[in-house]
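Please read the notes below alongside the model. They are numbered so that each can be answered separately.

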Amino acid sequence: MTLRALHKPAAEASSTASKLDLATRLRRNRKSEWSRRLVRETVLTTNDLIWPIFLVDGSEPRTPIATMPGVDRVSIDEAVREAEKAARLGIPALAPFPYVDPALRDPVGSEAENHRNLMCRAIRAIKAAVPEVGLITDAALDPYTSHGHDGVLTECGRVLNDETVAILCRQALALAEAGADCIAPSDMMDGRIGAIRAALDARGFTDVQIMSYAAKYASAFYGPFRDAIGTRKTLIGDKRTYQMDPANSDEALREVEIDLAEGADMVMVKPGMPYLDICRRVKDTFGVPTFAYQVSGEYAMIEMAARAGAIDGERAMLESLIAFKRAGCDGILTYFAPRVAGLLSVAA
Ligand SMILES: NCc1[nH]cc(CCC(=O)O)c1CC(=O)O
Ligand SMILES: [Mg+2]
């Protein structure tokens with residue numbers, strides 16, 4: 001029986017059952033699709049999407065990532081195709097991440113400063129072909145270090161803050177020089193936003209934006225990402241001396257406040273779904289462009305559960321993304337970006 005067949009006249013539907021005397025019945029506004037559309041408080045649009053992609057050198061155009069079904073590492077040529085796809089679908093920006101040849105990794109991440117590295121070559125190629133798609137490029141050393149940390153590691157296992165920030169500034173300059181529109185420091189060193197802003201400005205890159213990974217937690221949900229960029233096996237220890245404790249919320253506001261004072265144009269909360277309370281507090285407190293990263297482990301949970309038949313993948317994807325909008329986010333970094341954009345363009 002279809003839903004339409006259930007729409008019987010009220011008189012016929014009500015009969016002997018005893019009636020509650022309710023002035024307000026919230027279900028009235030939910031009774032049909034037109035009404036649900038009318039009272040909907042938030043919308044998800046293609047303008048809300050940032051699409052993270054993984055780059056790799058070599059002869060293969062695409063290599064799969066076992067823990068992220070449906071997401072591949074792509075060559076630079078293929079990344080240009082992805083950027084063209086983003087433009088076609090109306091996705092505003094891409095966030096590329098490199099799988100760096102292990103032979104190029106060293107303790108201080110020197111390859112990050114190489115103006116001819118994989119990221120810089122990809123940025124130039126994408127910007128030459130599809131200049132209208134924004135490129136939001138990660139500044140952090142983990143793809144480039146032999147130990148997988150986001151900064152310089154001492155022999156006794158400490159990640160050095162100020163030494164790392166100096167390198168991040170040079171990395172940011174290489175990215176900006178290659179044509180990056182926005183630098184996204186994801187390392188969680190103290191003071192890096194101000195230092196990167198000053199370095200960019202000193203070299204004339206005053207229009208290059210900074211999206212700060214401001215409240216980034218030491219999370220188990222980054223597992224598949226570390227497979228994608230090849231740091232899961234090499235990472236020594238964990239990142240709890242620089243990424244935030246999942247138990248903290250007030251501290252996230254301090255992180256955001258400081259990054260804004262240092263010149264961040266946009267801020268990010270990461271991971272996403274387990275941290276929607278943080279998104280809401282950040283948006284309510286500062287009223288600045290606020291983004292969330294629906295990270296690799298969140299993607300994997302939804303996608304793998306869907307492939308196993310446990311949940312409806314398309315609905316779970318859309319529900320997870322509208323939740324970010326409801327929590328106050330202006331946009332979401334999500335591996336689902338092309339799929340969602342495809343759906344939204346069909347719906348429009
Ligand atoms: N600078 C590292 C970085 N940048 C983005 C992610 C994770 C993104 C994801 O899981 O999708 C990470 C992982 C980490 O901190 O170990
Ligand atoms: Mg900070």
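How many positive and negative side chains does the protein have, and how far apart do the centres of the two sets lie?

1. The protein has 42 positive and 47 negative side chains, and 9 Å separates the centres of the two sets. Lys and Arg are taken as positive and Asp and Glu as negative, with His and the chain ends not counted. Each charge is placed at NZ of Lys, CZ of Arg, CG of Asp or CD of Glu.

2. On provenance: this is a predicted model, in which local features need pLDDT of at least 70 and side-chain atom pairs count only at pLDDT 80 or more, while totals for chains, interfaces and linings use all residues. Residues are numbered from 1 along each chain as its sequence is written, chains are lettered from A and ligands numbered from 1 in the order in which they are written, and side-chain values use heavy atoms, with hydrogens and water left out.

3. Overall dimensions come next. The radius of gyration, taken over C-alpha atoms, is compared with a globule rule of 2.2 Å times the number of residues to the power 0.38. For 348 residues a compact globule would be near 20 Å, and the 23 Å of the protein agrees with that. The C-alpha trace spans about 80 × 45 × 40 Å along its principal axes.

4. The protein has 12 helices and 12 strands. These are DSSP runs numbered from the N terminus (helices: H or I, at least four residues; strands: E, at least two). Of the contacts with a separation of 6 or more, 75% join residues 24 or more positions apart, a contact being heavy atoms within 4.5 Å.

5. The accessible surface comes to about 16,800 Å², and carbon and sulfur atoms hold 53% of that area. Areas are from the Shrake-Rupley method with a 1.4 Å probe; for residues, only the protein chains shown count as cover. Buried residues are 50% of the 348, where buried means under 20% relative accessible area, exposed over 50%, and partly exposed in between (1.4 Å probe, protein chains only).

6. Aspartate 259 lies in helix α8 (residues 250-261). Aspartate 259 is buried because its relative accessible area is 4%. Its side chain makes a polar contact with that of arginine 192 at 3.2 Å. Such a contact is a pair of N or O atoms within 3.5 Å; within protein, one must be able to donate a hydrogen and the other to accept it, and residues adjacent in sequence count only if both atoms are side-chain atoms. Beyond four places in sequence, aspartate 259 touches Arg192, Ile193, Ser212, Ala214 and Ala264.

7. Is proline 64 buried or exposed? Proline 64 is exposed, because its relative accessibility is 64%. This residue belongs to strand β2 (residues 62-64). Its C-alpha is 28 Å from that of threonine 45, at 19 residues' separation in sequence.

8. Glycine 151 sits in the loop between β5 (134-139) and β6 (152-153) and, at 0% relative accessibility, is buried. Leaving aside neighbours within four places in sequence, its contacts are Leu141, Thr145, Val159 and Thr164.

9. Two backbone points deserve a check. Most residues other than glycine have a negative phi, and most peptide bonds are trans. Methionine 188, not a glycine, has a positive phi of about 65°; this residue is in the loop between β8 (182-185) and α6 (192-202). The peptide bond from lysine 270 to proline 271 is cis, with omega near -10°; proline 271 is in the loop between β10 (266-270) and α9 (276-286).
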